[in-house]
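Here's a quick briefing for anyone meeting this structure for the first time. Take a look at the sequence and the model, then read on.

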Amino acid sequence: MRYSKQRELVMQTVERLCDHPTAEEIYDKAAQECPNLSLGTVYRNLNLLADIGEALRIPTPDGGDRFDGRCEPHYHVVCTNCGNVFDLEMDDSYIQKINEDANKCFDGIIESHTTLFHGLCGECAKKLNENK
């Protein structure tokens, strides 16, 4: 694959924005550095980066994908109130055990899995408790 300055900018922007940004949020930040960048170019590069494993695509219930530059296995939580996506830090051995258990139940080879948890983030939970 050829080097692309725009792809590099998109990847750097994903890595800088640690809050699991949407393609539009990535475009808004990256376009500040490269005004001739198009939203279509951002989408194409994000899809390519996700396809080759250099970024994670996180499908969310509202239909908008989020992106993550952290590619090692980990889980995410989407807040059902504010819609923000957060990393969920769990022991790596637990993640591997799920793959092993799934392999026992499947006539094939499980290589990985994704899990998206739903709940309230700390800030939204705090507001909810204050309003009770």
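The largest pocket has a lining of 23 residues, and Leu56, Pro73, His74, His113 and Thr114 are the ones nearest its centre. Keep in mind that this is a predicted model, where local features need pLDDT of at least 70, side-chain atom pairs count only at pLDDT 80 or more, and totals for chains, interfaces and linings use all residues. Residues are numbered from 1 along each chain as its sequence is written, and side-chain values use heavy atoms, with hydrogens and water left out.

**The pocket**

- A pocket here is an open set of points on a 1 Å grid over the protein atoms alone, where a 1.4 Å probe fits, with protein on both sides within 12 Å along at least five of seven lines; lining residues have an atom within 4 Å of a point.
- The largest pocket has a volume of about 560 Å³, with volume taken as the space filled by probe spheres set on the points, which are joined across faces, edges and corners.
- β1 (56–59), β3 (75–79) and α4 (92–104) each give the lining of the largest pocket at least two residues.
- Sorted by class, that lining has ten nonpolar, nine polar and four charged residues; Ala, Val, Leu, Ile, Met, Phe, Trp, Tyr, Cys and Pro count as nonpolar, Asp, Glu, Lys and Arg as charged, and the others, Gly among them, as polar.

**The overall layout**

- The protein chain has five helices and five strands, counted as DSSP runs (H or I, at least four residues, for helices; E, at least two, for strands) and numbered from the N terminus.
- Reading from the N terminus, the order of elements is α-α-α-β-β-β-β-α-β-α.
- Along the principal axes, the C-alpha atoms of the protein chain fill a box of roughly 50 × 45 × 25 Å.

**How α1 and α2 pack**

- Helix α1 (residues 5–16) packs against α2 at an angle of about 120°, and their axes are 9 Å apart; axes are lines fitted to C-alpha atoms, for helices over the stretch in contact, and angles run from 0 to 180 degrees between N-to-C directions.
- That angle makes α1 oblique to α2, since under 35 degrees counts as roughly parallel, over 145 as roughly antiparallel, 65 to 115 as roughly perpendicular and the rest as oblique.
- On the α1 side, Leu9, Val10, Thr13, Val14 and Arg16 meet Ile26, Lys29, Ala30 and Glu33 in α2, where contact means heavy atoms within 4.5 Å.
- This contact of α1 with α2 has five nonpolar, one polar and three charged residues.

- The axes of α1 and α3 come within 9 Å and cross at roughly 75°, which makes α1 roughly perpendicular to α3.
- Gln6, Arg7, Val10, Met11 and Val14 in α1 touch Thr41, Val42, Asn45, Leu46, Leu48 and Leu49 in α3.
- Helix α2 (residues 23–33) and helix α3 (residues 39–51) have axes that come within 9 Å and cross at roughly 120°, so α2 is oblique to α3.
- Ala23, Glu24, Ile26 and Tyr27 in α2 meet Leu39, Val42, Tyr43 and Leu46 in α3.
- By class, the contact of α2 with α3 has seven nonpolar, no polar and one charged residue.

**A look at Leu17**

- Leu17 sits in the loop between α1 and α2.
- Leaving aside neighbours within four places in sequence, Leu17 is in contact with Glu25, Ile26 and Lys29.
- Leu17 and Phe67 are 50 residues apart in sequence, and their C-alpha atoms are 9.4 Å apart in space.
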